[in-house]
Amino acid sequence: SEKIKFFMYYYYNTKNLYLTAKNNLIKLFFWYKNLNKTNKILLSAVLICLLFFSANLIWQGVKNNQTKNQAAINDLIAAINQKQNQIDASLLYSNEIGAKKLLEEIKPLIEQLPQKTQDQKDQYNNIMAKHRVQTEKISRVIRVNPVEIANLINLNTNAKPTNIFIAQGKIFAADATQKSIYNVDTKSNLTTAISLADQNISRLDFPSVDKNNNISYFNSNNIIIFDAKTEKISSLEIDYSAKPQKIIDMKQYNNRYYLVDAQNGQIYRFEKSGAKLTNSSAWLNTQEDLSSAVNLAIDGNIYILKNNGEVSQYTKGAKKIFAISPVEPNFSQTTKISISETEDYLYILEPGNKRLVVFKKNGDFVNQYTSDQFNDLRDFQIDEANKKIYFLNGALIYSIDMAEIKK
């Protein structure tokens with residue numbers, strides 16, 4: 001066959017080349033052997049000179065390449081340093097747009113920096129350190145050192161709180177698995193547990209408060225009412241047949257309750273009548289896609305947060321034109337939105353990026369708080385009167401001071 005013929009041809013040609021090379025080496029060996037002593041010495045000297053000359057040419061070529069490469073690296077570093085200095089100048093004069101443009105120009109330059117030698121690694125690390133600082137300045141990142149005010153594990157080794165709420169100068173952390181509400185005094189940090197063991201509780205979700213400091217929690221088939229003053233418990237029946245797992249959030253506002261139903265793409269409003277929520281009505285004028293909605297906030301308008309950071313605003317059931325400014329890095333998995341009733345701020349929590357991002361109510365970006373200690377963010381609360389922000393991180397409750405925001 002053709003394959004066998006090709007194989008035989010390749011085999012014989014290879015064999016012939018091998019035999020030819022072998023014969024030539026044998027001839028060369030005997031030729032050298034038959035030379036007289038003087039010729040052997042001269043030939044060896046010539047070969048050694050050629051060897052040294054070749055080695056010198058190779059070494060010189062390597063040195064020249066190294067010189068050229070180092071010159072290119074130096075030019076690259078100089079270009080990066082120049083742009084970083086320009087960024088500093090832009091930030092000094094509050095030119096964020098110009099600074100962002102320069103930052104984008106620097107990225108491909110930094111990627112070209114070699115990291116083979118220790119000196120190169122040191123240069124790269126120094127440049128990256130400044131790059132990170134400038135990136136955070138442009139992104140208005142505020143790195144904080146949160147203060148631990150309570151570790152609920154010390155009170156209950158099985159504590160698994162899911163949310164926190166501020167009322168009466170205290171932080172209340174709800175833990176449905178342990179049928180408890182933990183009470184943390186913000187002044188003394190004294191922590192106690194309020195047992196709900198005698199209650200039929202499976203959930204303590206979506207806390208919100210009324211003007212009498214009664215905190216409402218959603219509990220699958222009813223609403224748990226916790227009086228923050230007396231720490232007594234009562235409940236409200238809810239006339240609603242939707243599947244609880246499809247309820248994204250529920251908040252009270254002006255003595256009415258608003259429930260977000262992802263399955264039906266609707267916000268339902270309930271009236272409070274005695275110990276029951278009744279007269280549910282569709283609040284949205286048209287059905288919306290709420291499949292990725294995660295949270296609700298109310299200040300007269302209603303804001304719906306989706307898990308990708310998108311925020312929709314509704315007024316009297318109608319969707320308004322509204323968008324928040326882009327942030328760096330982009331949102332990927334947001335979990336909670338909160339809006340101030342007294343100040344002009346809107347807050348979005350993103351546990352994956354360990355941050356709380358602040359916007360104005362018109363959507364303009366303000367700043368963002370972050371800390372490496374935020375490794376299990378679950379909830380936050382804003383205490384604007386005392387300029388504090390509280391975070392629930394696992395079973396830990398942290399506090400930070402709010403940054404002074406430029407008007």
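This is a predicted model: local features need pLDDT of at least 70, side-chain atom pairs count only at pLDDT 80 or more; totals for chains, interfaces and linings use all residues.

Reader: Which residues have the most contacts inside the largest nonpolar core?
Author: Those residues are Y347, L356, Y369, F380, I382, I389 and F391, in a core of 18 residues. Two or more residues come from each of the strands β20 (345-350), β21 (355-360), β22 (365-370), β23 (377-383), β24 (388-393) and β25 (396-401).

Reader: And what is I389 in contact with, leaving aside its neighbours within four places in sequence?
Author: I389 is then in contact with L356, Y369, Q381, I382, Y398, S399, I400 and M402. Apart from this core lies another, of 16 residues, among them I80, A99, I110 and I127.

Reader: Switching to helix α3, which of its residues are buried?
Author: They are A99, L102, L103, I106, L109 and I110, and the helix, which covers residues 96-111, reaches 23 Å from its first C-alpha to its last, close to the 22 Å expected.

Reader: Now the charges: how many salt bridges does the structure hold?
Author: There are 14, including one between D299 and K361, whose closest N and O atoms are 3.2 Å apart. D299 lies in the loop between β15 and β16 and K361 in the loop between β21 and β22, so the pair ties together parts that are 62 residues apart in sequence.

Reader: Are D299 and K361 buried or exposed?
Author: Both are buried. In another pair, D401 with K388, D401 counts as exposed because its relative accessibility is 51%, while K388, at 26%, counts as partly exposed.

Notes:
Residues are numbered from 1 along each chain as its sequence is written. Side-chain values use heavy atoms; hydrogens and water are left out. A nonpolar core is a set of buried Ala, Val, Leu, Ile, Met, Phe, Trp, Tyr and Cys residues joined through side-chain atoms within 4.5 Å. Buried means under 20% relative accessible area, exposed over 50%, partly exposed in between (1.4 Å probe, protein chains only). Helices (H or I, at least four residues) and strands (E, at least two) are DSSP runs, numbered from the N terminus. Contact means heavy atoms within 4.5 Å. The expected span of a helix is 1.5 Å times one less than its number of residues. A salt bridge is a side-chain nitrogen of Lys or Arg within 4 Å of a carboxyl oxygen of Asp or Glu.
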